[in-house]
Amino acid sequence: MTTRKLGVVMNGVTGRMGYRQHLVRSVLAIREAGGVELSDGSRVQLEPVLVGRNADKLEEIATRHGLTRWTTDLDAALGDDDLPLYFDAQLTAVREKSIVRAIDAGKHIYTEKPVAESVEGALALARHAEAAGVKNGVVHDKLYLPGLLKLKRLMDSGFFGQVLSVRGEFGYWVFEGDWQSAQRPSWNYRAEDGGGIVVDMFCHWNYVLENLFGAVNAVTAKAVTHIPERVDEKGERYAATADDAAYAIFELEGGVIAQLNSSWCVRVHRDELVEFQVDGTRGSAVAGLHKCVIQPREATPKPVWNPDLAETRSYRAQWQEVPDNEEFGNGFRAQWEQFIRHVVEDTPHPYDFMAGVRGIRLAEAGLESSRENRRISITQETV
């Protein structure tokens with residue numbers, strides 16, 4: 001079978017996510033495997049061109065991985081007809097303008113989320129892409145996690161009966177940067193640079209909820225900045241102007257209630273950094289990044305509240321682990337392969353710019369709820 005080449009402009013690969021997940025674990029891994037396999041057995045091999053603002057970093061990354069093409073001139077890369085696909089992993093604050101330039105150059109677009117800083121900006125990009133006739137997609141990586149794939153398998157099997165509620169916990173302690181360096185870039189904690197956990201995580205929560213349980217009809221949220229001052233990468237103190245924790249209730253289609261806590265100010269007492277508990281009339285499950293455990297109705301124990309007696313049973317031991325039953329690959333790579341097939345073969349890819357718009361809309365509604373201290377209804381028809 002033949003192998004064709006597909007040139008990809010990769011903008012923002014010097015950042016943590018752009019480098020680790022998208023370049024190394026996705027595009028380079030696909031190259032090492034011989035390309036993306038298509039339905040007819042042929043393959044598409046990716047030919048990346050690295051783009052960024054720091055020539056030294058780009059050259060170092062290219063040399064490290066045996067790549068020959070890199071540039072600090074985005075317009076030159078977009079002007080190359082041998083590069084029909086544009087990928088963006090830049091800071092949110094600069095992403096929108098670059099995507100507009102890529103659309104104007106006739107490129108298909110695949111981008112990290114959020115696609116823009118506002119609903120209006122994201123809608124404008126979606127409409128611009130549609131008018132230009134270019135394919136577009138936004139990263140929805142959490143759906144490809146082994147734990148959530150197992151949860152989807154349970155949903156599809158009818159295991160839960162009627163789903164009643166979802167409880168989610170995400171987060172970990174991000175060091176302030178004074179006596180230990182922070183695990184996240186300082187821009188995450190500056191609202192003026194596009195930071196904030198609501199903008200970051202509510203986009204994820206929207207596609208997880210709508211693809212597994214139902215679209216979000218209303219949100220009640222409280223966003224806070226627990227730690228008002230942090231230390232940046234240069235050792236300088238700065239005011240943390242963005243929210244670092246958010247506590248939210250989401251009302252979903254069909255009556256499901258989801259409660260999700262997101263925090264960079266919490267010490268982990270969980271098996272994984274994110275966990276979702278789903279309770280239904282026929283059974284319950286707890287899914288993390290990789291593991292998923294279940295407790296069906298028939299095997300549910302009968303706890304009795306008695307604060308006068310010390311607890312002797314292990315509640316965790318009463319759950320059964322869901323087996324893998326298949327090999328789960330890297331979720332970022334899996335979605336890259338799905339989008340490449342969408343570009344080349346026009347296969348379905350529901351995670352387009354409009355899906356990205358819905359994520360930003362939920363983030364804006366969450367911030368509005370917190371700011372005005374009230375429940376915010378979301379009308380699905382608005383997007």
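# Strand β3 and its surroundings

Visitor: How many bridges join strand β2 to β3?
Guide: Two bridges join strand β2 (residues 36–37) to β3, and the strands run antiparallel. Strands are DSSP runs of E with at least two residues, helices are runs of H or I with at least four, and both are numbered from the N terminus. Two strands pair if DSSP finds at least two bridges between them.

Visitor: Where do the model and the numbering come from?
Guide: This is a predicted model, in which local features need pLDDT of at least 70 and side-chain atom pairs count only at pLDDT 80 or more, while totals for chains, interfaces and linings use all residues. Residues are numbered from 1 along each chain as its sequence is written, and side-chain values use heavy atoms, with hydrogens and water left out.

Visitor: Back to β2 and β3. Which residue is the bridge partner of E37?
Guide: R43 in β3 is the partner of E37. β2 and β3 form a hairpin with five residues between them, and G41 in the turn has a positive phi of about 90°.

Visitor: Which strand pairs with β3 over nine bridges?
Guide: Strand β1 (residues 3–11) does, in the parallel sense. There, K5 has Q45 of β3 as its bridge partner. β3 also pairs with strand β4 (residues 70–71) in the parallel sense, over two bridges, and V51 is partnered with T71 in β4.

Visitor: Is β3 mostly covered or mostly open?
Guide: Mostly covered: seven of the nine residues in β3 (residues 43–51) are buried. Buried means under 20% relative accessible area, exposed over 50%, and partly exposed in between (1.4 Å probe, protein chains only). Across the protein chain, buried residues make up 51% of the 383 residues.

Visitor: New topic. How many helices and strands are there in the protein chain?
Guide: Nine helices and 18 strands.
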